[in-house]
Every structure is written in structure tokens, then in C-alpha cells.
Amino acid sequence: MKFGHTIDESRKKYPEITNELLECLQKWAKDRGLPRIPEEQLALFAHSCYFDMDATKQCMNVYYRMRTTVPEFFKDRDISLDYLRHSLKALEFVMLPKPDPNGNKILFHRVADTRPSQYVFNDGVKLLLMSIDASLYTDGCSPGYIFLFDMDGIRLGHLTKLTINSLRRFFEYLQEGMPVRLKGIHVLNAVWFMDKVLALIRPLMKRELYEMLHLYTGDVSDVYPHIPPECLPKDFGGELDCVASLHKAHSMKLDQLQNYFREEETLFRNYLPDNAKTAS
């Protein structure tokens, strides 16, 4: 399995990525039934955990365990399938082409079809995580990631589409298994029933994640101190192309990565943490 970037490119940015570190993580993976993992992937794990070895192994464990046991998020990640084509019409995802002033990648998401009947939470999560994986595939280690969500069009009916189990799994992966440095979550057009949303998700959020959450109910310019206009689509007073065009290009990229998603699924299919040869 090949990435769209090289390990040498990651090492130039982060010299902490040493041969010794990669070999240690490779051995850990081998002891748990995994085939040889690309060095670029190992570097992503280590970088996301600020090169703390124990934290990196824990991240890898959650990453591969959940990809093995949570098919609703990680199986059949092929946007040519009808169910994902449906969600790509109902939802919009964009990895914005310009990072913030600190170099953080910005992932934008909103509903395109506001009818709750068209919303499938698990498929939305799958596409969100595919979008992150696509960015990691291309760009490798980045300073950080920011989530920018627009709640315009969200109704109470959307809450009925959520389940506690899916929310719990999503927040576990977000906080324990996602190999990125998450730096912030900004929510535009926070809805009047945001208290009900927070009542659902707050118990699942660690303090560090909750403190990253920024809610905006007023003008979009309120987010500009964090995400300036040059990093935003024109829909939000920004200088980038409109969301619809960016979403279309992003969907094409996901389609082009079908082979990668398929190969990655094969890689973690046989992960057996309980059969590890060693506990290290």
C-alpha cells in the first residue's frame, strides 16, 4: 500500500521520525498480526501523539481495533456505492484548500439536504473519516486539523437519527484513535436547541476536546479571528470557491482513492490485539 507522500517528506518536517521509532512501531504491529505497515502511516501515528511512544501504541490499538470492529464507520468505503452516493448528495464535505495561518488543515461539513429523512449519521461519520484519511494520504504529517461545521438547516428531527452507541464510538475514535493533532472545533449557526445536542455529546467528551469547541450564533465574521476569510469559501464571506464546487472536487478525490481505501481495509482486517505475542 502506497501513500501520496513519502516518508522522507515527513522526516524533513519532523526529524523526530527516526528509523528506531519506526522499527519499534513496526514490531509492535507485527506482534498483533498486522502485515507490514507503510512507514508513512507509522509516522502519522507517532506525530499525532507528539512522539510519545506509549501514547502512539495506544492510538494504534484503538485505530486498528475500531476499524476491525466498527463496520458502520470503516467497511465498504466506496463512494460508487448507492448509500454513500446518497449521503454525498445530502451532505457536503470539503478539506479546504488553504490552511489557517498556523498551517492547520480545515475540514468543513454541513447538510445540503435539510430533510432529516435524508440524514444517515453513520454514513456521515464514514465520509468525514474518509475525508481525513484522504488528506493524510496526500499531505502526511501536518501541524494540526480544525473542524468547521455549519449547523444551518439542522432540525430537531436530525437528533432522532442519532444513537448513543454510534456517538460513543465516534467520540472514542476522535479522541483515542484518529492519527491527527486536532486543534479546534468551530460550529457556525449553532441551533436554538444546542443545549439538547450538548446534553447528548458532553458526557462523551474529554475536557480537552470540550475546550476546543467554539459555538457561533451570530454573524459568520465572528469566526474570522480563528479562521480568516482567505481560508473560507465565498459562501461565508471568504476568498475560496463556493462550497458546492469544492465539495464536488473533494468527492472526486474520494472516488480516485477507492483502491487505497480498499487496500487499507485489507491491512487491518486481521488485527488481533488479544493474540499479541508480547505486551510491549
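Begin by selecting Ile185, which stands opposite Leu213 in strand S5. This is a predicted model, in which local features need pLDDT of at least 70 and side-chain atom pairs count only at pLDDT 80 or more, while totals for chains, interfaces and linings use all residues. Residues are numbered from 1 along each chain as its sequence is written, and side-chain values use heavy atoms, with hydrogens and water left out.

Strands here are DSSP runs of E with at least two residues, helices are runs of H or I with at least four, and both are numbered from the N terminus; two strands pair if DSSP finds at least two bridges between them.

Of the 7 residues in S4, 6 are buried (under 20% relative accessible area; exposed is over 50%, partly exposed in between; 1.4 Å probe, protein chains only).

Now select Met60, Tyr64 and Phe147, which touch the most other members of the 82-residue largest nonpolar core (buried Ala, Val, Leu, Ile, Met, Phe, Trp, Tyr and Cys residues joined through side-chain atoms within 4.5 Å). Helix H7 (residues 121-139) supplies the largest share of this core, 10 residues. Domain 1 (7-74) and domain 2 (82-256) both contribute residues, so the core lies between them; these bounds come from an automatic or database domain assignment.

Finally, select Ile106, Ile146, Ile227 and Cys231, which are among the 16 residues of a second, separate core.
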